[in-house]
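I opened my notebook with a plain plan. I would look up the helices, then the aromatic rings, then the surface.

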Amino acid sequence: MSNLGTAFSEGIIAFIATNIDDIFILLIFFSQVDVNFRRRHILLGQYLGFAAIIIASLPGFFGGLIVQREWIGLLGMLPVAIGIEQLVSRKEETISVQTVSSDFRQSTPTNPVLSFILSVLHPQTYKVAAVTIANGGDNISIYIPLFAGQDLASLGVILGIFFIMVGVWCAIAYFLSRQPTIANILSRYGQAVVPFVLIALGLFIMYERGTFTLLPWVRS
């Protein structure tokens with residue numbers, strides 16, 4: 001029982017320590033919620049992205065390979081690409097959302113199972129997942145040794161804590177985004193700032209992980 005208690009504490013501490021910065025990213029996401037970008041896309045994207053990080057970390061539990069920090073940093077290219085894409089297509093997206101907004105409302109399926117499936121398959125969900133993976137890529141280097149020291153029961157406790165905390169993180173970010181002062185700032189400046197935040201995030205991820213040292217002219 002003490003092992004499970006230790007795993008419980010380690011799970012909470014490890015998640016908070018490695019995902020503090022996700023609150024800011026989630027705040028930005030929630031500030032963009034509209035007819036074509038729903039809260040469920042953010043929640044599902046967070047879970048999909050975090051699940052990918054966990055899967056990539058599981059070799060540590062099996063005593064397998066360890067991913068080099070510099071190569072993990074290549075995940076930073078994902079938010080850079082998304083940020084550039086948003087800058088290029090911002091005007092087109094605004095026009096298309098205004099044009100099809102009424103049709104989108106009318107075609108939303110009432111079947112909850114079908115609605116869930118369509119949300120999982122929605123491109124916005126995968127955009128959120130891509131940013132989650134890139135921003136949490138460095139977590140792999142922490143989760144691999146954390147998982148390596150656990151038995152199967154303790155690993156189950158840690159993973160359970162992790163996935164509960166993803167929902168808690170989304171709830172906290174959503175609550176903060178609904179506060180009048182924060183919501184006003186995000187609604188006025190969020191859309192304009194988001195692409196630059198994503199690009200800066202991606203470049204910082206690559207810099208912090210030492211990815212630029214992979215370039216031949218940097219090595220020399």
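Predicted model: local features only at pLDDT ≥ 70, side-chain atom pairs only at ≥ 80, totals over all residues.

**Ground rules.** Residues are numbered from 1 along each chain as its sequence is written, and side-chain values use heavy atoms, without hydrogens or water.

**Whole chain.** I looked up the secondary structure next. The protein chain has 11 helices and zero strands. Helices here are DSSP runs (H or I, at least four residues) and strands are E runs of at least two, numbered from the N terminus. Of the 220 residues, 40% count as buried. I also checked contacts, meaning heavy atoms within 4.5 Å. Among contacts between residues at least 6 apart in sequence, 88% join residues at least 24 apart.

How far apart are the end C-alpha atoms of helix α9? They are 38 Å apart, and 26 residues at 1.5 Å a residue should span 38 Å, so the two agree. The expected span is 1.5 Å times one less than the number of residues. I repeated this for α3: its 19 residues should span 27 Å, and its end C-alpha atoms are 27 Å apart, which agrees. Then I listed buried residues. In α9 they include Leu155, Phe162, Met165 and Trp169. In α3 they include His41, Leu44, Gly49 and Phe50.

**A buried glycine.** Gly11 lies in helix α1. Its relative accessible area is 0%, so I wrote it down as buried. What does Gly11 touch, not counting residues up to four places away in sequence? I found Ile158, Ile161 and Phe162. Gly11 and Gly160 are 149 residues apart in sequence, yet their C-alpha atoms are 8.5 Å apart in space.

**Aromatic rings.** A pair of rings is described by the distance of the centres and the angle of the planes. Rings of Phe, Tyr and Trp (its six-membered ring) pair if their centres lie within 6.5 Å; planes under 30 degrees apart are stacked, over 60 edge-to-face, and the rest tilted. My search of the whole structure gave 10 aromatic pairs. Why is the pair of Phe15 and Trp169 edge-to-face? The centres are 5.3 Å apart and the planes stand at 85°, so the pair is edge-to-face. Phe15 is in helix α1 and Trp169 in helix α9, 154 residues apart. Trp169 is buried at 8% relative accessible area.

Phe50 and Tyr143 came next: with centres 6.3 Å apart and planes at 70°, this pair is edge-to-face too. Phe50 lies in α3 and Tyr143 in α8, so the pair ties together parts 93 residues apart in sequence. Both Phe50 and Tyr143 are buried. Ring pairs link Phe15, Tyr47, Phe50, Tyr143, Phe162, Phe163 and Trp169 into a cluster.

Phe212 is in the loop between α10 and α11. At 32% relative accessibility it counts as partly exposed.

Definitions and conventions:
Buried < 20%, exposed > 50% of the residue type's maximum accessible area, 1.4 Å probe, protein only.
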